[in-house]
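This report is for a reader meeting the structure for the first time.

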Amino acid sequence: MLVLVAPGQGAQTPGFLTDWLALPGAADRVAAWSDAIGLDLAHFGTKADADEIRDTSVAQPLLVAAGILSAAALGDMSGIAPGAVAGHSVGEITAAVFAGVLDDTAALSLVRRRGLAMAEAAAVTETGMSALLGGDPEVSVAHLERLGLTPANVNGAGQIVAAGTMEQLAALNEDKPEGVRKVVPLKVAGAFHTHHMAPAVDKLAEAAKALTPADPKVTYVSNKDGQAVASGTEVLDRLVGQVANPVRWDLCMETFKELGVTAIIEVCPGGTLTGLAKRALPGVQTLALKTPDNLDAARELVAEHTQA
């Protein structure tokens with residue numbers, strides 16, 4: 001069974017959209033999305049530097065656009081026929097498109113509002129996120145709580161992401177939990193999936209009122225708790241609330257395993273989630289769509305692992 005996944009914020013790198021825009025029809029499609037949301041996605045995906053695309057209000061629409069574009073290049077969703085879809089953080093909006101819950105324009109409009117609202121919330125206090133590599137999850141979580149930090153992403157495969165104020169993160173760097181090899185600052189502009197993002201929830205809920213979600217056409221796995229969600233309305237509700245609540249990617253991978261996953265493809269800019277899967281789901285084939293050069297191999301994987 002094939003699972004199609006979409007990465008979250010921090011996966012972006014300067015120029016990562018350049019090669020994708022060279023594909024037939026891609027530039028026109030991205031231009032239409034840019035007009036619809038008032039953001040020059042082509043510019044930010046090809047010419048902007050790391051600091052510019054670190055901006056939450058830019059990074060989030062850019063990631064969703066890239067995910068949709070790369071999946072479209074892979075093939076029509078009815079032809080790909082994944083057994084399940086999921087996304088990490090903002091990647092859940094991308095996954096909602098894969099599942100048919102939202103169309104691409106609705107998804108990009110929602111993520112544009114999400115990015116702006118979260119950027120505004122992040123501006124209130126200087127906050128950030130850091131990944132903890134290694135260590136025992138229970139020990140790490142208790143340690144983070146003592147420092148006033150939130151385990152905002154529990155990613156599995158020995159990785160937890162802490163979020164909080166810059167002072168709290170500095171204290172973590174000096175006082176790592178037992179067994180943690182390294183603390184790595186992430187390329188994000190705030191303490192996402194924590195109480196610091198609470199002001200963004202109401203704004204996103206207001207934006208969501210204008211949307212009419214459809215029920216998922218394939219299994220949609222929510223990173224709130226790793227559960228499959230069958231209602232489009234519930235998917236949308238979870239997308240709103242998830243802004244201020246932890247991501248449980250570890251539970252998503254447990255669900256993939258229970259569903260019988262045999263292969264995982266991560267859409268552009270892939271790499272993070274397939275890396276986690278290699279460690280947490282041994283024996284499962286993985287492929288990250290980093291550039292169009294990966295498309296042929298991805299299509300072979302689709303043909304081998306999709307359901308009839």
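The model is predicted. In α13 the buried residues are W249, D250, C252, M253, T255 and F256.

Is T255 buried or exposed? T255 has a relative accessibility of 11% and therefore counts as buried, the cut-off being under 20%. Leaving aside residues up to four places away in sequence, T255 touches V221 and G226. After α13 comes G260, which has a positive phi, near 90°.

**Helix packing**

Two packed helices are described by the angle between their axes and the distance between the axes.

| Helix pair | Angle between axes | Distance between axes |
|---|---|---|
| α2 and α8 | roughly 50° | within 10 Å |
| α2 and α5 | about 150° | 11 Å |
| α5 and α8 | roughly 155° | within 7 Å |

Helix α2 spans residues 26–37 and helix α8 spans residues 104–122. Their axes cross at roughly 50°, and α2 and α8 are therefore oblique to each other. The crossing in which α2 passes α8 is right-handed. On the α2 side the contact involves R29, W33, A36 and I37, which meet D104, T105, L108, S109 and R112 in α8. Sorted by class, the residues where α2 meets α8 are four nonpolar, two polar and three charged.

The second pair joins α2 to α5. These helices pack at an angle of about 150°, and their axes are 11 Å apart. This angle makes α2 roughly antiparallel to α5. Here too α2 passes its partner, α5, in a right-handed crossing. The residues of α2 in this contact are A26, R29, V30, W33 and I37, and those of α5 are P61, A65, I68, L69 and A72. Nine residues of this contact are nonpolar, none is polar and one is charged.

The α5 and α8 crossing is right-handed. From α5, the contact takes in T56, S57, Q60, P61, V64, A65 and I68; from α8, the residues are D104, L108, V111, R112, R114, G115, L116, M118 and A119. By class, α5 and α8 bring together nine nonpolar, four polar and three charged residues.

In soluble globular proteins, nonpolar side chains tend to be buried together. In this model the largest nonpolar core holds 80 residues, and L110, Y220, L239 and I265 have the most contacts inside it. Helix α5 (residues 56–74) is the element that gives the most to this core, contributing ten residues. L110 touches I93, L102, L204, A207, A208, L211, L236 and L239, with residues up to four places away in sequence not counted. Another core, of 18 residues, lies apart from it and includes V5, A84, A86 and L281.

**Backbone details in loops**

Which peptide bond is cis? The bond from C268 to P269 is cis, with omega near -5°. P269 sits in the loop between β9 and α14.

Two residues other than glycine have a positive phi. One is S89, with phi near 55°, located in the loop that runs between β2 and α7 (91–98). S89 has a relative accessible area of 10% and is therefore buried. Another is A157, also with phi near 55°, placed in the loop between β4 and β5 (159–165). The relative accessibility of A157 is 28%, so A157 counts as partly exposed.

Terms used
Residues numbered from 1 in each chain as written. Predicted model: local features only at pLDDT ≥ 70, side-chain atom pairs only at ≥ 80, totals over all residues. Heavy atoms only, no water. Core = buried A, V, L, I, M, F, W, Y, C linked by side-chain atoms within 4.5 Å. Buried < 20%, exposed > 50% of the residue type's maximum accessible area, 1.4 Å probe, protein only. Helix = DSSP H or I, 4+ residues; strand = E, 2+ residues; numbered from the N terminus. Contact = heavy atoms within 4.5 Å. Axes fitted to C-alpha atoms, helices over the stretch in contact; angles between N-to-C directions. Parallel < 35°, antiparallel > 145°, perpendicular 65-115°, else oblique. Left-handed = near helix turned anticlockwise from the far one by under 90°. Nonpolar A, V, L, I, M, F, W, Y, C, P; charged D, E, K, R; others polar.
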